[in-house]
Amino acid sequence: MSDPVEDGNGFGLGEQDAARFADVLARYPTRRSALMPTLWLIQDRDGHLSDAAVTWTAAQLELSEAKVREVISFYSMYRDRPQARHVLQVCHNISCHIMGAQPLLAHLEGKLGIRRGEATPDGEFALEGVECLGACGMGPCLQLGKHLYEHLTPERADALVDGLRRSDPPRPDTDRDLED
Amino acid sequence: MVKVTIDGRELEFAAGTSLFDACREARGEALPHFCYHPDLSVAGVCRLCQVEVEGMPKLTIACNTAVREGMVVHTRSEKVRRAAQQILEMHLINHPVDCPICDQAGECGLQDQYMTYGLYESEVGMSDKVHKAKVQVIGPRVVLDKERCVLCSRCVRFCDEVTRTGELGIFNRGDRAEIGVAPGRQLDNAYSLNTVDICPVGALTSLDFRFKKRVWLLKSTPSICHGCATGCNVRVDHEAGTVYRLKPRRNPAVNGAWMCDEGRDTYRPLHAADRLREPLLRRDGALRAATWPEAWEALAGLVGRDAPLGFAVVAPRQTLEEIALFTHLAAALGAAPAAVSGGPREADRGEGDDLLVSADRAPNRASLSWLGLEEPAGADLAARVRATRGAVLVYGADPVADAPGWCEAVAGRTVIHLGTRRGATAEAAEVVIPLSAWAEKDGLLVNRQGRVQASRRAIVRPGLAQEDWRFLADWLTATGETDAPVSLPELRGWVAARVPALAGVDLNVLPPEGLVPDAVAAGHGGER
Amino acid sequence: MNQDQYRILSRRFDRRDGHRLAAYEADGGYRALRRAVGELGAVAVREEVKASGLRGRGGAGFPAGVKWGFVPQGAETVYFMVNADESEPGTFKDRFLLDYDPHAVIEGSAISSFAVGAKLCVIYIRGEFGWLIDRVQKAVDEAYAAGYLGRGAFGGAYELEMIVHKGAGAYICGEETGLINSVTGLKGQPNIKPPFPAVSGFLGKPTIVNNVETVAAVPWILEHGATAYRKFGTEKSPGTKLFSVSGPVRRPGVHEIPLGLPFREFFDDWLGGMADGEELKAVIVGGSSVPVLTAAEAMEVALDYESLATAGTMLGSGGMIIIPQRCDMVELIQVLMHFYWDESCGQCTPCREGTGWLHKIVQRLRRGEGAPEDLALLEKVCEGMAGLTICPLADAAVMPMRSFLQRFRPEFEALAAGRRATEPDSRWAREIRS
């Protein structure tokens, strides 16, 4: 099946994402206002925003590449290069700090054999210190993808890393036992 | 009008006037600032133009405040001074103090304002500064030093709002924020050097001008760009007979604060290797240098009572006064008025845009119709030359190089060339008269709006070259005319009297924004 | 004391199904919207909310009804935005509302949009709340399907499109013009004012931005009336307020209290006091940006806008950070100064340069490389930032910096005199709680 939306450089969205993109364009009042959701759509699929993605997005939304890159570089969650498979983002802000963010970071550094800001050579894990994640009363905490792990202890941190290595991570604390 | 008291002086301003502009008027000098620019949107980010407005709890930035009736403003209070000093210090925290090797030194906002408000010891250790990239060539004409940038965002706003090309961005945030282009992209719009002009510090510099001259050695002469029919107001920066750069001069009625990059290159031909420095006469088949008396003698021998001029052509890059005088001279030399024409159109055509660049690259074409000159297309023009007999007088143009059919048309004819460079037409001539290039003389240009603007002499003529109008007037006198103008002011009066469009206009006294004659503004143009 | 009587906003926080439309409707949900559209009309809704005295819960505490009134009469296009960019350190109350009671936020947003005449409502959720974005989007989809949103809702009496917008990691987007710019597709940098967004905001049109907690209170106010709402709280700080409490207390988490409650009572009865082995040293009452109080000062204050202002601090977002005795205050301010340096948007010079400078000075103090003059320098940098920028982020850095320095000066002086900082406290939360 041909890509419904593809540029000359081989970048394109699959059918499903193209439909999502069309939906975003329909709901946002201007093309430019569709920028953030469009970047999310691509990053959710690719894991990062490649040069080709920037060129494609700029053309689609009728912006210069500089304006697209301004936005990507301003927000901490957009990534312009490939990321490790599991990016562990430990909150190091004040509440988590009081509750043990530094020892948690140190523990994970030891467990993963890397320092914060680095990734494991096999590209499986990256460890980052990040600003407040909004789990202050449940600290220390870390973010992994869409979810948070809270009330972390050395055992829980180990269980998370080990679980991820086995592709069987423990259930995140924000994935609550709510009725679906 | 609203009444505003600034530093104890009560003044009146039109409602809606920016407090920044009001303060400039009241103080006789602008408030300290980096980001404010009258031709860009208000960013309000440098925070330097803080003033005290009575009744407001905090200091407020003047650039984003409109004057209000009864407003009482203090711009020199201790509170204001202290804020400006502190904010200036913030600007310097991460700014390298490399003024001795900075091309902006001497025209740097940071230096200037430091002299006014600073004189303190910086309390940031050099080792603590945030370091960023230096000397990045970001486009064909512009070099960026990210460390020197104070993030005023003027250049970004220029590319977003004026050219709407958006090449520049401020990437990252906080003190990691930096100006740049997207990877693999360039700042390559047709107006890129304006970003250098509006950069208040040495972050953006001109690849062409960099390190050629310390700016305090330069002298500036206000003039008009000769690059196209727009007639952007410029400043010619020169020293010791050499022009180093052109900068736009603000004229809201013509060019705002901008000019195009192509126009900036128009200083180069001034110093071309083939500039004519002395009269040339053809002897033994070759052009050889001659004295002025020899040149006059040669002219008298080629054109006169017994040998009427066949055809005369003048380029629309000569001034209004020159074209008028030349037309008169050509008639006196026997060329019928119909046989005096504007230069070949092909030489003056280019791509235009909807901003400043006119497709008509001739700076003074509007003068032609005012003076009743025709502009036949190149081939027609050549045909008309062929239809005449006698010498062909070419002034300021190089049709042999630029126009179709001219090579053949002038073959075997006597060509007299008046100009500044030794081009193909000069090579085909019997007599070549060296005249002044645009920056070497005073004169008036009529732009595409019908606006008369004054171009001024910045540098001296090379060698034995003559001032154009003087040469034309002398030749006119030599034909027996007794009332040829003896000064430029007189010449201008003489021109105004002969051009209906200029009825009642004193060409010697033009307002700063130039003058659109009433007859032109009313839509009659210069047509007779 | 029965703490549950104050649970207006948090009444569904311990339910497993509170986020579902069916449960919300069974609880009387969307009745207020129906009544607003069908009976009251926009003017009456605005009046009721104004009469309730509901104040903006994002931090500034500006009366919501008054803010709505700034939309110019007869404006054709108006936008309404819900600020769920909850990023103020110590604050996690909006997260609970979105998690456990998304329909209350949606209904409140819909009523508020109706009240100001907006036909497009954007719920701006910080990107880090990935799971919440899914949850709220699901609830919005439910509301569309049930006919509470979209064209022709309630028989065409009103229409409202609702977008759930995902942020991407920028504290400054919590500032309303930063938020608007972010939705526009720009960097989330605040705008100079004037113009104020209520006059010229998103795409140059009047735009009202309200906090999640503010809009979540609106359905209750319409259901029970302004007078009932004013029964809680004080004259000038009416109603209840969510406090999100972090630090080593027995019961951290989100607590809803009537405004005006004495801190001592809140601390003892709601929070259960300090965890075992911990002693109270200081309290940041309203999120990291407000001035810190010493334990003694905290014990004397009441939790409402006016009392806290009198005590030299602010209610802010209600993100209460309890600081135990074992903490080194210079270490904590370094954490905070890193945060403001990290999050400064970078456009205003005093903030861009000042936040970095403050961080560097504190850092070198803690490295043992400080000098006695550094304390005066900290104060001087604060002076060069405070009140001189477009948005309050610079002030948000200055307020904790100044108050830490003022109230815990000996700790700074010891470092400035050359003592090296103590090693960071390496206790784990597990040890803290036990």
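**Close-up views of a predicted model**

**View 1. A cis proline in a loop of chain A.** Pro140(A) sits in the loop that runs between strand S4 (125-130) and strand S5 (142-144) of chain A. The peptide bond joining Gly139(A) to Pro140(A) is cis, with omega at about -5 degrees. Please keep in mind, here and in every view below, that this is a predicted model.

**View 2. A cis bond between two prolines in chain C.** Here the partners are Pro194(C) and Pro195(C), joined by a cis peptide bond with an omega of about 0 degrees. To find the spot, look in the loop between helix H8 (176-184) and strand S5 (207-211) of chain C, where Pro195(C) lies.

View 3. Ser167(A) is not a glycine, yet its phi is positive, at about 60 degrees. This serine belongs to the segment that follows helix H7 (154-165) of chain A.

View 4. How many other C-beta atoms lie within 10 Å of Leu203(C)? The count is 16, which makes this leucine partly exposed, because that class falls between the limits of 12 or fewer for exposed and 20 or more for buried.

**View 5. Where chain A meets chain B.** The contact draws 10 residues from chain A and 13 residues from chain B. On the side of chain A that touches chain B, helix H4 (residues 65-74) of chain A gives the most, with seven residues. Sorted by class, that side of chain A has five charged, three nonpolar and two polar residues.

View 6. Chain A is built from seven helices and six strands, and along the sequence they come in the pattern β-β-α-α-α-α-β-α-α-β-β-β-α. The C-alpha trace of chain A spans about 50 × 40 × 30 Å along its principal axes. Of the 180 residues in chain A, 46% are buried. Among the contacts in chain A with a separation of 6 or more, 53% come from residues 24 or more positions apart.

Definitions and conventions. Residues are numbered from 1 along each chain as its sequence is written. Chains are lettered from A and ligands numbered from 1 in the order in which they are written. This is a predicted model: local features need pLDDT of at least 70, side-chain atom pairs count only at pLDDT 80 or more; totals for chains, interfaces and linings use all residues. Two residues are in contact if their C-beta atoms, placed from the backbone, lie within 7 Å. Helices (H or I, at least four residues) and strands (E, at least two) are DSSP runs, numbered from the N terminus. Ala, Val, Leu, Ile, Met, Phe, Trp, Tyr, Cys and Pro count as nonpolar, Asp, Glu, Lys and Arg as charged, and the others, Gly among them, as polar.
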